[in-house]
Amino acid sequence: MCGMSQGDGAAIEAVLAGDREAFGELVRRHSRMLFRLAVRMTGNEADADDVVQDAFLRAYQKLATFESRADFGTWIYRIAVHCALDRLQRRRQDEARRVSEDNDPEEGGVQVADSKPDPERLAISTEIAVLQEAAMRGLTAMERTAFVLRHLEERSTEEIAAALDVTPNTAKQSVYRAVQKVRRRLTQLKVMA
Amino acid sequence: MNHLSEEELVERYYNGAANSGTAGSGQTGAEAVHLDECAECAAAFAALEVDLAAMRPVELPDKGEYYGEQMWARVEAALPSRSLPARKSRLALWRGLAFAAGCAALVTASFYGGRFYEHLHQRPVLQGQRRAPASSPQQKVVVVVLGDHLDRSERLLVELKHADPESPELVNPLTEEARALLAANRVFRDDAQREGDPALTQALSHLDQVLTEIANRRSGLDAAALERIKNQMNADGLLFEVRVLRSKNPHRNKTVRVMARGGAA
């Protein structure tokens, strides 16, 4: 996914040796890449900022388990995927509690009713982004993640599987279900327009 | 060959788009031939392309080149304290001790300097007057460090952010804390202004407004006042501003002012 730079390795060693400030180098280097992923997954800037922060905090706590041969960029990217996934699931649960309807037993996920976009979301949204956000709203957190990684981040099925800790076939199925739902939703939106 | 399923079309769309040799690409030869020959599948594939084109990546908000820096300020503020290894700990310990010794020397010098000064200036008065009553307040000297001030301010703002107006026993102590912070805040703000540090001046000015608002609520903070102050904090991005300053200001632990308690420097 991302090339491991020598600077990352040195910074990681320094952090593990007790130099907390060195972690700042890693944050500065990878924040924008993670923000891009997070904003696509969550659909708004405020959540994306929180996801990036959570990802780095988790990475810091688990840094001792990071294998030096691995690529830090790839590792933190996967952590961010999980943080975003957690946030999406929490958000869905909160919204579902409020809406308390439209459960989808077939998918095991939760369909939520449309909610008005918040100011943050409006601030970053073009007309296309609003349409996309509406089209993706019916996806489960897993499907949304798989779709964003495949369609917007252009990751391969294997990379998605690795990021989500699932088999390639499961990742492929999630992308496929997401595409189906997005297309269905786009058709509905075109009719409503 | 049978018509291509929707799943196969999706797989073909992405394998073609990303040029990645993922599972299923071995069939692409036969599928490609079929797509060329079958108008129905070609139409289905074209429809899929149109739909997915509507989901093409849009321009993302530009967070600017300092995003990494801002994120580090957030992350650093939330990092758990981790004990440093022995080599580093010893160094940190010596540095801490040196700093503490410096502060202690400064306090002592200020205290005795103040007493000496007071002594010199009060003698003529005392000679001409009766002895001052024993209960006259003696001015105490306190040392304030910018880093500590920002720490306390951040704590206050966080408590304020989560304050519940239904719990006055938790909210009302905030007014006392705001009063305690106000004098030092003004001293540091004036210093920052004099030294030409616009970021610090602006943040401390915002902080001053909020602290003043809280400190003046002698009867306590009601729900409306709390809401107004929270809105003011949010509008200024005050908490974030203070966090950034707290973690990034290189002089935070060196900027030390000696003040008379409850007054200016």
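Helix axes are lines fitted to C-alpha atoms over the stretch in contact, and the angle between two of them runs from 0 to 180 degrees between N-to-C directions. The model is predicted.

In chain B, the axes of helix 8 (residues 173-194) and helix 9 (residues 198-215) come within 8 Å and cross at roughly 155 degrees. Angles over 145 degrees count as roughly antiparallel, and helix 8 of chain B and helix 9 of chain B are therefore roughly antiparallel to each other. Their crossing is left-handed. Residues of helix 8 of chain B in this contact include Leu174(B), Leu181(B), Phe188(B) and Ala192(B); among those of helix 9 of chain B are Leu200(B), Leu204(B), Leu211(B) and Ile214(B).

Ala215(B) belongs to helix 9 of chain B. With 18 other C-beta atoms within 10 Å, Ala215(B) is partly exposed. Beyond its neighbours within four places in sequence, Ala215(B) contacts Thr175(B), Ala178(B), Arg179(B) and Leu182(B). Its C-alpha atom is separated by 8.7 Å from that of Ala180(B), 35 residues apart along the chain.

The contact between the chains takes 38 residues from chain A and 29 residues from chain B. On the side of chain A, helices 2, 3, 6, 7, 8 and 9 of chain A each give two or more residues. Helix 2 of chain A supplies the largest share, nine residues.

Methods:
Residues numbered from 1 in each chain as written. Chains lettered and ligands numbered in written order. Predicted model: local features only at pLDDT ≥ 70, side-chain atom pairs only at ≥ 80, totals over all residues. Contact = placed C-beta atoms within 7 Å. Helix = DSSP H or I, 4+ residues; strand = E, 2+ residues; numbered from the N terminus. Parallel < 35°, antiparallel > 145°, perpendicular 65-115°, else oblique. Left-handed = near helix turned anticlockwise from the far one by under 90°. Buried ≥ 20, exposed ≤ 12 C-beta atoms within 10 Å, placed from the backbone.
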